[in-house]
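Subject: Structure for you to look at, with notes

Dear colleague,

I am handing over the structure we spoke about, and I would be glad if you could read the notes below with the model open beside them.

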Amino acid sequence: MRALFLPPVVLLASMGLMVLLHKTAPLHELWGRPWSWLGGILLFAGIAVAQWHARLFKKLGTNINTFADPGTLTREGLFRFTRNPMYLGFVTSLFGLGIALGSASPFVVPLAFGLLTHFWYIRVEEQALLRKFGTPYVEYQRAVRRWL
């Protein structure tokens, strides 16, 4: 059951919901081209950031599963600037999709995904990291912001 709540699964479901909201209840058209192209750029940039760090985890041999024990503590890549570059990439991609769609209703989804991430996924991960790494993780928390 937890597999249904893994962040990439929720991300894909969120994208589908955004398209559905745009098609069935757009509320208000915000903009068209060329502004919608900016959304496409953000969508792909966010996915690229998340994928870059997923590959980094694989290279380091660390666990990427939100609900499993962490493998290693890293400061490579964007982990030097944000403790959650994959989630930042996911949220960026959702806002990018909203901009690309160009209507108001889809924007409720990235907001909900961001809140879910902030108050659930990240909390679960931070508790596991504190249990495993203790003081080094506390020092990392002090040095690097949760988002940006």
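This is a predicted model: local features need pLDDT of at least 70, side-chain atom pairs count only at pLDDT 80 or more; totals for chains, interfaces and linings use all residues.

Residues are numbered from 1 along each chain as its sequence is written, and side-chain values use heavy atoms, with hydrogens and water left out.

**Helix packing**

Helices here are DSSP runs of H or I with at least four residues, numbered from the N terminus. The axes of H1 and H3 (lines fitted to C-alpha atoms over the stretch in contact, with angles from 0 to 180 degrees between N-to-C directions) come within 10 Å and cross at roughly 10°. The two helices H1 and H3 are therefore roughly parallel to each other, a label given to angles under 35 degrees. On the H1 side, the contact (heavy atoms within 4.5 Å) involves Pro7, Pro8, Leu11, Ser14, Met15, Met18, Val19 and His22, and on the H3 side Tyr87, Phe90, Ser93, Leu94, Leu97, Gly98 and Leu101.

For H2 and H3, the axes come within 7 Å and cross at roughly 160°. That makes H2 roughly antiparallel to H3, the term for angles over 145 degrees.

Ser93, which is found in helix H3 (residues 85–101), is buried at 0% relative accessibility; buried means under 20% relative accessible area, exposed over 50% and partly exposed in between, with a 1.4 Å probe and protein chains only. Leaving aside residues up to four places away in sequence, Ser93 touches Leu11, Met15, Leu42, Leu43, Gly46 and Ile47.

**Nonpolar cores**

A nonpolar core is taken as a set of buried Ala, Val, Leu, Ile, Met, Phe, Trp, Tyr and Cys residues joined through side-chain atoms within 4.5 Å. The largest such core has 17 residues, and those with the most contacts inside it are Leu11, Met15, Met18, Phe90, Leu94, Leu97 and Phe113. At least two residues of this core come from each of H1, H2, H3 and helix H4 (108–133), and the largest share, six residues, comes from H3. Phe90 touches Pro7, Pro8, Leu11, Gly46, Ala50 and Phe113, again not counting residues up to four places away in sequence. Apart from this core lies another, of ten residues, which include Phe57, Leu129, Tyr140 and Val144.

**Salt bridges**

How many salt bridges does a search of the whole structure find? There are three, where a salt bridge is a side-chain nitrogen of Lys or Arg within 4 Å of a carboxyl oxygen of Asp or Glu.

In one of them, the side chains of Glu76 and Lys59 meet with N to O at 3.6 Å. Glu76 lies in the loop between H2 and H3 and Lys59 in helix H2, so this pair ties together parts that are 17 residues apart in sequence. Glu76 is partly exposed, at 34% relative accessibility, whereas Lys59 is exposed, with a relative accessible area of 63%.

Another salt bridge joins Arg83 to Glu126, with the closest N and O atoms 2.7 Å apart. This pair links distant parts of the chain, since Arg83 is in the loop between H2 and H3 and Glu126 in helix H4, 43 residues apart. Both Arg83 and Glu126 are buried.

Arg146 also forms a salt bridge with Glu126, the closest N and O atoms being 2.7 Å apart. Arg146 lies in the segment after helix H5 (135–143) and Glu126 in helix H4, so the pair ties together parts that are 20 residues apart in sequence. Arg146 is buried, and Arg83, Glu126 and Arg146 are linked in a network of salt bridges.

**Backbone**

Most residues other than glycine have a negative phi, and most peptide bonds are trans. Leu27, however, has a positive phi of about 65° although it is not a glycine. Leu27 is found in the loop between H1 and H2 and is exposed, with a relative accessible area of 74%. The peptide bond from Arg33 to Pro34 is cis, with omega near 10°, and Pro34 is placed in the loop between helix H1 (7–24) and helix H2 (35–60).

With best wishes

Notes
Angles under 35 degrees count as roughly parallel, over 145 as roughly antiparallel, 65 to 115 as roughly perpendicular and the rest as oblique.
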